[in-house]
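Hello,

Here is the structure we talked about handing over. My notes on it follow below.

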Amino acid sequence: MNSYKKKDKYRLIWKLGAILLIVSLVGCKTKKSTTGNTRKTKSKVASEKKSIYETNTHTYALPKDDGNFIRFKIQNTEEYIKTFAPLAQDEMKAYAIPASITIAQGILESGSGKGELAQKTNNHFGIKCHTGWEGEYDFHDDDEKGECFRKYNHPRYSYRDHSLFLTSRARYSFLFNLKNNDYKAWARGLRKAGYATDPRYPQKLIYLIEKYQLNKYDLGNHKINKKVTNEYVITKHKVASGETLYAISKMYYMTVSDVMELNNLDTTTISVGQELLVKSIKN
């Protein structure tokens with residue numbers, strides 16, 4: 001009797017052990033399957049994430065950047081206009097920037113697409129890296145030697161970035177109160193806002209617009225009901241080794257005179273470790 005009880009006891013222990021083993025194996029398999037699905041979901045989300053260039057709530061989205069660098073071979077200014085005028089008009093409809101101004105800036109800043117910077121970066125508007133730029137870049141001599149400029153795989157992304165650059169910075173907000181067909185006021189306004197350091201920048205844009213009759217591309221232009229932010233906060237910038245007042249002003253989209261006025265400076269001389277007040281765009 002005791003012998004049978006012992007055998008039953010061992011059989012029961014063995015059965016319980018087998019059941020626990022089966023449950024454990026099933027649990028591991030389920031866990032593995034769940035983890036695999038989670039990774040797949042994350043990967044799918046990452047692949048579907050769109051850049052700022054692909055999404056536009058105003059009018060249209062640009063094609064997805066396929067990662068291939070496209071170099072345009074433009075023969076002359078007339079060909080440049082023919083190639084990029086339609087793109088400038090699309091940007092005008094989306095962001096209310098006169099197409100004549102955009103084309104003229106593209107011609108001037110890129111050397112009609114033949115300039116060294118345009119050829120190696122597809123940067124048609126001379127936009128520098130600035131704080132917060134996370135895209136590709138290259139170095140080029142401009143106001144200073146070896147400055148950082150934004151790089152694009154296709155000129156269309158340069159055109160979109162130009163629109164975003166003007167519509168998202170407070171110092172350009174007054175331009176959108178101007179008449180859309182007043183290219184002269186826009187040209188003078190860009191210089192006033194500090195887009196370029198060349199004192200004859202407005203005259204050069206106006207000359208190009210009138211010589212090539214670029215204002216004809218403004219026909220049908222109208223103001224878009226949109227807000228251009230003009231909110232900013234005052235923050236502090238600690239001067240690092242090698243930084244100049246000019247470089248710091250560009251970081252915060254200010255003019256040198258703005259920085260000097262905000263900090264009551266009589267000269268442009270600054271020292272390492274010095275704290276400067278700067279205007280930082282709120283959003």
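**Notes on the model**

The side chain of N263 comes to 2.8 Å from the backbone oxygen of V259. Please keep in mind that this is a predicted model. N263 sits in the loop between α9 (256-262) and β4 (275-281). Its relative accessibility is 18%, under the 20% limit, so N263 counts as buried. With neighbours within four places in sequence left aside, the contacts of N263 are E275, L276 and L277.

**Chain as a whole**

The chain contains nine helices and four strands. In sequence order they run α-α-α-α-β-β-α-α-α-β-α-α-β. The chain has 283 residues, of which 39% count as buried. Taking contacts between residues at least 6 apart in sequence, 64% are between residues at least 24 apart.

**Helices α6 and α7**

Two packed helices are described by the angle between their axes and the distance between the axes. For α6 (residues 183-192) and α7 (residues 201-211), the axes come within 8 Å and the crossing angle is roughly 150 degrees. Angles over 145 degrees count as roughly antiparallel, so α6 and α7 are roughly antiparallel to each other. The crossing of α6 past α7 is right-handed. On the α6 side, the contact is made by Y183, K184, A187, R188, L190 and R191. On the α7 side, Y201, P202, L205, I206, I209 and E210 take part. Sorted by class, the contact of α6 with α7 has eight nonpolar residues, four charged residues and no polar ones.

**Two residues with positive phi**

Which residue has a positive phi of about 65 degrees although it is not a glycine? That residue is A96. A96 is placed in the loop between α2 (77-95) and α3. At 5% relative accessibility, A96 counts as buried. Q213 is also not a glycine, and its phi is positive, near 50 degrees. Q213 belongs to the loop between α7 and β3 (232-238).

S112 is part of the loop between α3 (99-110) and α4 (116-121). Is S112 buried or exposed? S112 counts as buried, because its relative accessibility is 6%. The side chains of S112 and T77 make a polar contact at 2.8 Å. Apart from residues up to four places away in sequence, S112 touches I74, T77, Y80, G106 and I107.

H162 is in helix α5 (residues 155-167). The relative accessibility of H162 is 0%, so H162 counts as buried. Which residues is H162 in contact with, leaving aside its neighbours within four places in sequence? They are I97, T102, Q105, F125, I127 and Y195.

Regards

Terms used
Residues are numbered from 1 along each chain as its sequence is written. This is a predicted model: local features need pLDDT of at least 70, side-chain atom pairs count only at pLDDT 80 or more; totals for chains, interfaces and linings use all residues. Side-chain values use heavy atoms; hydrogens and water are left out. Axes are lines fitted to C-alpha atoms, for helices over the stretch in contact, and angles run from 0 to 180 degrees between N-to-C directions. Angles under 35 degrees count as roughly parallel, over 145 as roughly antiparallel, 65 to 115 as roughly perpendicular and the rest as oblique. A crossing is left-handed if the near helix is turned anticlockwise from the far one by less than a right angle, and right-handed if clockwise. Contact means heavy atoms within 4.5 Å. Ala, Val, Leu, Ile, Met, Phe, Trp, Tyr, Cys and Pro count as nonpolar, Asp, Glu, Lys and Arg as charged, and the others, Gly among them, as polar. Buried means under 20% relative accessible area, exposed over 50%, partly exposed in between (1.4 Å probe, protein chains only). A polar contact is a pair of N or O atoms within 3.5 Å; within protein, one must be able to donate a hydrogen and the other to accept it, and residues adjacent in sequence count only if both atoms are side-chain atoms.
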